[in-house]
Amino acid sequence: MEADDLALVDAARAGDRGAFQALVIRHQRKVYAVALGIVKDPDQAWDVAQEAFVRVHSHLADFKGDSSFSTWVLRIASHLSIDALRRERNDRRASLDDLHEADLAGTGAGEGILATALGADPGESALRKELAGKMAEALGQLPAIHREILVLRELEGLSYEELAARLGIQKGTVMSRLFHARKKMQALLGAYAGRGAPPGGGGGSHG
Amino acid sequence: MTRTAAACLALLLPTLSLADGPATSPAPVPVRVRILRGARQAPPAFDPKLADLRSQLSKLSYVRWEQVSEQTVDMSDRKPHTVQLPNGDEVTLVVEAVKPRTITVEVALSRRRTRSRLTIGRGQRIVHQVTAERDGVAYFVTVHGMP
Amino acid sequence: MSDCTHYRPLVGSRPGELAAAEAGALAAHLATCDGCRAWEAELAAADGLLARGLLAEAARRDFAPFVDRVLERVGRRAPAPLLERLVLAFRRHPALAIGAALAPIAAVVALVLALRLGGDGDLADARAVQLTTEGGATTVIQSKDGPVVLLDDDEES
């Protein structure tokens with residue numbers, strides 16, 4: 001937990017490599033998961049995750065403990081992931097963020113994919129586990145700006161304000177971009193989740 | 001490479017026996033068994049009943065710890081004791097050996113086909129995850145032998 | 001429907017993220033709009049799924065080489081042989097995690113680990129820790145208060 005992370009950071013700062021090793025082991029999977037969600041390619045995510053820890057190590061002296069170690073290393077990982085994407089992507093941000101009436105299609109009453117498929121008690125269902133896997137898979141099919149905002153929101157847990165600051169966009173844009181990202185995700189999951197849904201309950205729009 | 005080395009270790013290390021004297025009589029041993037619930041995505045909280053486990057649990061990234069159940073069982077050598085878990089699974093505990101300074105306990109999860117045999121010293125506790133993590137929540141069993 | 005273009009993106013906000021007036025207006029809209037309520041249910045159903053899916057993907061990867069590579073990059077000398085590393089880790093950092101250096105432990109071979117730990121005062125009652133794990137992959141963290149055994153997520157029953 002966090003108090004222990006801080007003790008490990010102190011020890012690592014004093015040159016204790018075992019402490020740094022323990023920090024890496026403790027956080028490596030989540031750091032990798034964040035990178036994977038954003039950059040999509042497993043090998044690139046692996047490199048980004050490693051680079052994140054290398055940077056953490058070189059800036060241990062700067063870590064003040066204002067935020068948790070986890071927040072810090074995930075922030076570095078997501079920055080690196082977004083930087084990696086920005087070197088590659090064709091930026092269509094403005095057009096992707098606009099919201100029009102037609103964009104609401106597929107998200108209204110009678111068109112819920114997950115809620116219908118998972119039912120009232122989704123806690124422990126096998127379908128829920130499958131959907132989680134499909135969702136991670138579907139994430140790779142989303143545009144980069146949608147992947148990054150979903151990962152920052154869902155894995156890093158950033159608030160609207162933090163997302164706006166991190167991505168350099170207005171809060172309103174944060175909300176509309178998240179909406180588009182989630183709607184696309186829902187459409188991608190539609191065919192899969194709809195398989196187990198009652199007649200008329202599944203099969204969302206793929207538009 | 002690491003796995004190869006681990007396999008070599010598996011062959012070599014049993015020869016390094018524990019100098020702890022012979023096993024004692026098969027008299028029942030009181031064993032304190034607790035089931036814990038750890039959650040990652042929840043407001044941080046630490047059940048005061050788990051204070052003695054803080055140093056072990058604090059190594060994990062779960063932020064909310066609660067004790068679900070507790071029992072003290074008189075366990076005889078090699079006689080299995082089964083504990084039901086909140087998700088319907090069960091964990092089977094067997095006291096394999098009791099020595100003056102150590103106790104060896106087997107923790108078996110039949111549904112996962114996982115079996116761990118752990119020897120701990122007096123005052124130590126085994127913390128063993130017993131369910132896969134789902135939605136940031138996992139259950140653990142702790143075993144504290146009191147020979 | 002035009003209200004929905006305004007309100008639907010607000011659905012899924014966390015407490016405190018919307019201004020009070022905005023949150024109140026959203027609640028009023030939700031009370032009258034089946035479509036936005038359905039979207040709210042959809043987001044609730046999806047809550048946590050993406051994180052779970054990505055973490056499960058991460059759990060499927062063998063992270064054994066990860067930390068070694070990071071340590072090499074930050075200037076560590078070449079890693080010592082496995083047994084030496086384990087013993088050193090126990091002796092130098094008895095309270096720290098070392099088990100992950102072993103993880104994931106292959107299911108095929110039962111791994112027996114018995115390390116002598118003589119000399120450390122706080123381990124006086126546990127001069128040796130013995131662990132055997134077979135079956136599913138696990139990670140073991142050793143501490144002075146006893147072992148912590150973690151299951152890997154990738155073979156849920």
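Colleague: Which residue does A:Asp5 form a salt bridge with, and how far apart are the closest N and O atoms?
Modeller: A:Asp5 pairs with A:Arg26 in a salt bridge, and the closest N and O atoms are 2.5 Å apart. Keep in mind that this is a predicted model.

Colleague: Where do the two residues lie in chain A?
Modeller: A:Asp5 is in helix 1 (residues 2-13) of chain A and A:Arg26 is in helix 2 (residues 17-39) of chain A, so the pair ties together parts 21 residues apart in sequence.

Colleague: And are A:Asp5 and A:Arg26 buried or exposed?
Modeller: Both A:Asp5 and A:Arg26 are buried.

Colleague: OK, what about A:Glu154, which residue forms a salt bridge with that one?
Modeller: That would be A:Arg182, with the closest N and O atoms 3.0 Å apart.

Colleague: Why does A:Glu154 count as partly exposed, and what is the relative accessible area of A:Arg182?
Modeller: A:Glu154 has 23% relative accessibility, so it counts as partly exposed. A:Arg182 has a relative accessible area of 14% and is buried.

Colleague: Switching to chain B. Which residue forms a salt bridge with B:Arg37?
Modeller: B:Glu66 does, and there the closest N and O atoms are 3.5 Å apart. B:Arg37 lies in strand 1 (residues 29-39) of chain B and B:Glu66 in strand 3 (residues 64-75) of chain B, so the pair ties together parts 29 residues apart in sequence. B:Arg37 counts as partly exposed at 26% relative accessibility, and B:Glu66 counts as partly exposed at 29%.

Colleague: How many helices and strands does chain B have?
Modeller: Chain B has 2 helices and 9 strands. Starting from the N terminus, the elements of chain B run α-β-β-α-β-β-β-β-β-β-β.

Colleague: How much of chain B counts as buried?
Modeller: Of its 147 residues, 51% count as buried. Chain B exposes about 6600 Å², and carbon and sulfur atoms supply 55% of that. Also, for contacts in chain B between residues at least 6 apart in sequence, 47% join residues at least 24 apart.

Colleague: Now the interface. How many residues of chain C are in contact with chain A?
Modeller: 51 residues of chain C are in contact with 63 residues of chain A. The area buried between chain C and chain A is about 5300 Å², and carbon and sulfur atoms give 65% of it.

Colleague: How many salt bridges and polar contacts go across the interface of chain C and chain A?
Modeller: The rule finds 2 salt bridges there, along with 18 residue pairs in polar contact, both residues being at pLDDT 80 or more. A:Glu51 forms a salt bridge with C:Arg73, the closest N and O atoms being 2.5 Å apart.

Colleague: Which helix of chain C gives the most to the side that touches chain A?
Modeller: Helix 4 of chain C, with 10 residues. Helix 1 (2-7), helix 3 (34-46), helix 4 (49-60) and helix 5 (64-73) of chain C each supply at least two residues of that side.

Colleague: What is the mean pLDDT of chain C?
Modeller: The mean is 66, and 53% of the residues of chain C reach 70 or more. Among the elements of chain C, helix 2 (residues 20-32) has the highest mean pLDDT (93) and strand 1 (residues 111-116) the lowest (34). Over residues 76-130 of chain C, pLDDT stays under 50, and the model has 127 contacts beyond four places in sequence for them. Where pLDDT is low, predicted coordinates should not be read in detail.

Colleague: And where does pLDDT stay under 50 in chain A?
Modeller: Stretches include residues 90-94 of chain A, with 4 contacts beyond four places in sequence, and residues 196-207 of chain A, with 17 such contacts. The mean pLDDT of chain A is 80, and 73% of its residues reach 70 or more.

Colleague: Last one: what is phi of A:Lys40 near?
Modeller: Phi of A:Lys40 is near 80 degrees, a positive value in a residue other than glycine. Most residues other than glycine have a negative phi. A:Lys40 sits in the loop between helix 2 and helix 3 (42-58) of chain A, and counts as partly exposed at 42% relative accessibility.

Methods:
Residues numbered from 1 in each chain as written. Chains lettered and ligands numbered in written order. Predicted model: local features only at pLDDT ≥ 70, side-chain atom pairs only at ≥ 80, totals over all residues. Heavy atoms only, no water. Helix = DSSP H or I, 4+ residues; strand = E, 2+ residues; numbered from the N terminus. Buried < 20%, exposed > 50% of the residue type's maximum accessible area, 1.4 Å probe, protein only. Contact = heavy atoms within 4.5 Å. Areas by Shrake-Rupley, 256 points an atom, 1.4 Å probe, with all protein chains shown as cover. Salt bridge = Lys/Arg side-chain N within 4 Å of Asp/Glu carboxyl O. pLDDT = per-residue confidence, 0-100. Buried area = accessible area lost by both parts, 1.4 Å probe. Polar contact = N/O pair within 3.5 Å; in protein donor to acceptor, adjacent residues only side chain to side chain.
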